[in-house]
Amino acid sequence: MQNILKRSDVILMAFCTGLIVANIYYCQPLVILIAKDFKLSESDAGSITFLTQAGYAIGLFLLVPLGDMFEKKKQILFTTALAIVALIIAGFSKSFFLLELASVLIGACSIVPQLILPLTASLSNDENRGANIGIVMSGLLVGILASRAVSGVIGDLLGWRAVFLIAAAICTLLIFLMAIRFPKNLPTFKGTYNELMRSMFGYIKTQPVLREASLINFFAFIVIMGFWTTMVLYLANPPHQFSTYQIGLFGIAGAAGALAAPLVGKLSGGNNPRKNLMIGFILELISVALFYFTGHNVFLFVVGIILIDIGQQAIHVTNQTRIYTLVPEARNRLNTIFMSVSFVGAACGSALGLWLWSLGGWTIFCIGVTAIILLNMLIYQFYSRKVQA
């Protein structure tokens with residue numbers, strides 16, 4: 001297969017992916033401001049973080065499979081337009097309930113990165129696929145992590161509503177850019193939507209690599225999203241007592257770690273990409289140890305952020321590259337299963353982090369996520385004899 005994508009095309013896809021996926025994470029540093037505005041506890045206001053993740057999981061499950069049925073570029077543009085509407089609703093919400101509804105819609109309509117990634121894979125040859133996915137994943141991860149810094153700064157200066165309205169303006173500009181530059185990619189599935197969904201469940205039964213990758217990603221997302229949600233509460237309270245602006249800046253540390261994604265993508269194209277998963281688990285354990293024993297030291301806390309995000313990339317990029325090699329004509333459906341399970345994990349991670357925080361603060365949270373990482377390592381060992389790729 002000829003490599004259709006130019007390097008500039010891949011970079012553009014990474015750019016759009018990062019700016020759209022940021023919609024899901026803008027709310028995290030804003031929890032403190034939203035709690036004050038609606039006169040809620042920080043834990044109650046934090047519900048918008050896992051509602052957004054839950055909305056994303058719903059959108060992944062219901063909308064992403066359509067990428068195998070409809071022309072991907074049109075679906076990307078239409079879904080981005082819906083995200084703009086949801087962001088505007090959030091920005092003008094007069095009640096917390098309306099903001100919660102808008103948060104679910106923002107998540108459900110911000111699945112565009114999971115349409116761009118299969119598009120990238122489909123238009124790349126076998127030699128460049130892993131590297132191209134890694135570049136787009138870099139954009140996605142920088143978007144996730146930098147969004148927190150941007151959100152914290154804007155929220156501190158202009159208020160939390162301005163963050164959502166500015167995000168809507170950015171997505172409006174992206175629609176025009178994607179309409180001009182994105183290549184078309186015709187669908188490969190000719191059946192009905194019901195047949196499409198049934199075939200998706202068939203792949204769960206027949207593809208052990210898909211089952212392992214999805215399950216490991218589920219628990220990896222519990223760890224990473226639990227951290228980013230709970231970190232806001234930890235840094236806002238003694239001994240740190242940082243402002244929203246200062247908390248947001250910690251996202252820059254995570255964004256620095258995203259530079260490892262292209263390298264991980266290249267390694268994922270080798271004969272034994274599973275080894276990258278164990279590297280990811282070890283980096284997560286080291287980072288949580290830093291958070292637990294030296295969380296009061298800002299420098300070591302930042303080192304921990306970089307390590308946990310590199311570990312997450314090692315797990316996620318490797319697993320995503322693995323599933324894209326399984327059934328080329330069904331990449332959107334495979335990605336739907338993989339990412340839906342992952343973001344159910346993300347929603348569970350945000351909820352679990354808030355619950356562990358309520359039980360015993362930062363100490364109990366660190367103990368809880370350590371148990372999750374060890375469980376993931378056991379799953380890895382269980383599948384070692386079942387899968388090779």
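Mentor: The notes below go through the features one by one. This is a predicted model, so local features need pLDDT of at least 70, side-chain atom pairs count only at pLDDT 80 or more, and totals for chains, interfaces and linings use all residues. Residues are numbered from 1 along each chain as its sequence is written, and side-chain values use heavy atoms, with hydrogens and water left out.

Trainee: By what are two packed helices described?

Mentor: By the angle between their axes and the distance between the axes. Axes are lines fitted to C-alpha atoms, for helices over the stretch in contact, with angles from 0 to 180 degrees between N-to-C directions. Helices are DSSP runs (H or I, at least four residues), numbered from the N terminus. Here the axes of α11 (residues 208–236) and α15 (residues 298–324) come within 10 Å and cross at roughly 155 degrees. That makes α11 roughly antiparallel to α15, a label for angles over 145 degrees.

Trainee: Which hand does the crossing of α11 and α15 have?

Mentor: The crossing is left-handed, meaning that the near helix is turned anticlockwise from the far one by less than a right angle. The contact of α11 with α15 has 18 nonpolar, four polar and three charged residues. Nonpolar here covers Ala, Val, Leu, Ile, Met, Phe, Trp, Tyr, Cys and Pro; charged covers Asp, Glu, Lys and Arg; the others, Gly among them, are polar.

Trainee: At what angle do α5 and α9 pack?

Mentor: About 160 degrees, with the axes 8 Å apart. α5 and α9 are therefore roughly antiparallel to each other, and α5 passes α9 in a left-handed crossing.

Trainee: Which residues make the nonpolar surface patch?

Mentor: V85, I89, F97, L98, L101 and L105 make a patch of about 510 Å². Patch residues have over 30% relative accessible area (Shrake-Rupley, 1.4 Å probe) and no salt bridge, with nonpolar side chains (Val, Leu, Ile, Met, Phe, Trp, Tyr) joined within 5 Å. α6 gives the largest share, four residues, while I89 lies in α5.

Trainee: How many salt bridges are there?

Mentor: Four, each a side-chain nitrogen of Lys or Arg within 4 Å of a carboxyl oxygen of Asp or Glu. D37 forms one with R161, the closest N and O atoms being 3.8 Å apart. D37 in α2 and R161 in α9 are 124 residues apart.

Trainee: Where is the cis peptide bond?

Mentor: Between P238 and P239, with omega about 10 degrees. P239 is in the loop between α11 and α12.

Key. Helix = DSSP H or I, 4+ residues; strand = E, 2+ residues; numbered from the N terminus. Parallel < 35°, antiparallel > 145°, perpendicular 65-115°, else oblique. Patch = residues over 30% accessible without salt bridge, like charges linked within 9 Å, V, L, I, M, F, W, Y side chains within 5 Å.
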